Amino acid sequence: MAEEEQLAIIVGAGPSGLATAAYFEHLKIPYTLLEREDCFASIWKKYSYDRVHLHLPKQFCELPLMPIPSSFPTYLSRKEFIHYLNDYVSHFEIKPIYGRLVETASYDEALGKWKVKARDDHDQVVQEYWARFLVVATGETCDATIPKIEGLDSFTGKVLHSTKYKNGEEFKDKNVLVVGSGNSGMEIALDLANYGANASILVRSPIHILSRTMTYMALVLLKYLAVNWVDSMVTIMSKVVFGDLTKYGIQRPKEEGPFTMKIKYGKYPVIDVGTLHKIKSGEIQVLPAGIKSIRGGSVAFEDGKEYSFDAIVFATGFKRSTKEWLKGDDYLLNDDGLPKPSFPNHWKGQNGLYCAGLSRRGLYGSAMDAQKIANDIKALIL
């Protein structure tokens, strides 16, 4: 078993890991960056659908120390954001070690260092890495998850998670069910309809729907006003612009506003890019009841209705496997791999353990975490 030692280890070469690595380069902090995939930013390069765009203006999506070029549009496409990330990695000369699946990370009290065991995906050899500091940067969108549904294995059509969906070309004239009404689910339903599929989307829970303009205004106002005030304003705007959505099967949350829910539960408001128009025109069907069971090509719902589908796309999010390999941490991360300490104290644990990009504040939060982590380590080693 080979061994390597460095001052810091970063696990995960998504945007959070890249941001942290860039700051380490900037402050001349030696580090090793481990990534289980064969590329950096794999969620963008390999697991995103073609039409995806950043939902926020580019100034809220920049990684630290390198702004997105002014020549880029306000809302970057997938290709444009990947272009920016490629330039970012080149500029800071970030060199991830790919194909390294971390199996365990534990703190050695006697040595005062973290021992990380990672398996090489190519030859299956386990390598040990030692470091004084460990940064968990595996992201909120780590491991795709599909819920357990009675009879799902009997479904005769195609089943895929949103990370495997690229575009709706193969689904033209097909009946497709999208499960999950977050931003990915809503946009995939729109994409399917644009490609001529008969799209249905499952919307069980109440959701806040905002436009890009409303979201941008809210993010600016949140710098100056309390979140409940901002929530009240954008909720009123949403009602005025989009009207009563209950007749289309969509309920709004009554107790909490969109940004309160984002902060408390990590539940992002849906940013509409055309899906509501398709719903109102009848091109996308909203199904408000959960799935009871599946038999062959037929899906039975909890309200007693039953429909036939040719494909099901699960836009049902992700889980985090961090606690399966991170040992001995009872302070920083919970069982779901998210920080126990509240923002803004979420990023630093004990014994040189940190996390980046887990504050439920998107790319902007990743940039803030990277800066705080790098500055803290720099101060400790001076």
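This is a predicted model: local features need pLDDT of at least 70, side-chain atom pairs count only at pLDDT 80 or more; totals for chains, interfaces and linings use all residues.
Residues are numbered from 1 along each chain as its sequence is written, and side-chain values use heavy atoms, with hydrogens and water left out. Local features need pLDDT of at least 70 and side-chain atom pairs count only at pLDDT 80 or more, while totals for chains, interfaces and linings use all residues.

The chain contains ten helices and 18 strands. Helices (H or I, at least four residues) and strands (E, at least two) are DSSP runs, numbered from the N terminus. The C-alpha trace spans about 60 × 50 × 40 Å along its principal axes. Of the 382 residues, 53% count as buried. Buried means under 20% relative accessible area, exposed means over 50%, and partly exposed lies in between (1.4 Å probe, protein chains only). The chain exposes about 17,700 Å², and carbon and sulfur atoms supply 50% of this area. Accessible areas come from the Shrake-Rupley method with a 1.4 Å probe; for residues, only the protein chains shown count as cover.

In soluble globular proteins, nonpolar side chains tend to be buried together. A nonpolar core is a set of buried Ala, Val, Leu, Ile, Met, Phe, Trp, Tyr and Cys residues joined through side-chain atoms within 4.5 Å. The largest such core has 79 residues. Its members L18, F24, Y84, Y88, I94, L192 and I209 touch the most other members. L18 is in contact with A13, L33, F40, L63, L85, Y88, V89 and I94, leaving aside neighbours within four places in sequence. Another core, of 20 residues, lies apart from the largest one. V102, A105, V136 and L333 are among its residues.

Y165 sits in the loop between β7 and β8. With 1% relative accessibility, Y165 counts as buried. Not counting residues up to four places away in sequence, Y165 touches S48, Y49, L160, F171, I188, D191, L192 and V313. The C-alpha atoms of Y165 and A315 are separated by 9.5 Å, although these residues are 150 apart along the chain.

Side chains of opposite charge can pair when their charged atoms come close. The structure holds 14 salt bridges, each a side-chain nitrogen of Lys or Arg within 4 Å of a carboxyl oxygen of Asp or Glu. One of them joins D143 and R36 (3.0 Å, N to O). D143 lies in strand β6 (residues 143-144) and R36 in the loop between β2 (31-34) and α2 (42-45), so the bridge ties together parts that are 107 residues apart in sequence. D143 is buried at 15% relative accessibility, whereas R36 is partly exposed at 34%.

K158 and E170 also meet in a salt bridge (3.0 Å, N to O). K158 belongs to strand β7 (residues 158-161), and E170 to the loop between β7 and β8 (175-179), twelve residues away. K158 is partly exposed at 37% relative accessibility, and E170 is partly exposed at 48%. A further bridge pairs K323 with D329, whose closest N and O atoms are 3.6 Å apart. D329 is buried, at 7% relative accessibility. E37, D38 and K46 are linked in a network of salt bridges.

Some backbone features stand out. The peptide bond from F343 to P344 is cis, with omega near 10°. P344 lies in the loop between α9 (322-325) and β18 (353-355). E93 is not a glycine, yet its phi is positive, at about 55°. E93 is located in the loop between α3 (78-91) and β3 (100-108), and counts as exposed at 53% relative accessibility. R360, also a residue other than glycine, has a positive phi near 65°. R360 lies in the loop between β18 and α10 (362-381), and is partly exposed at 24% relative accessibility.

Definitions and conventions:
Contact means heavy atoms within 4.5 Å.
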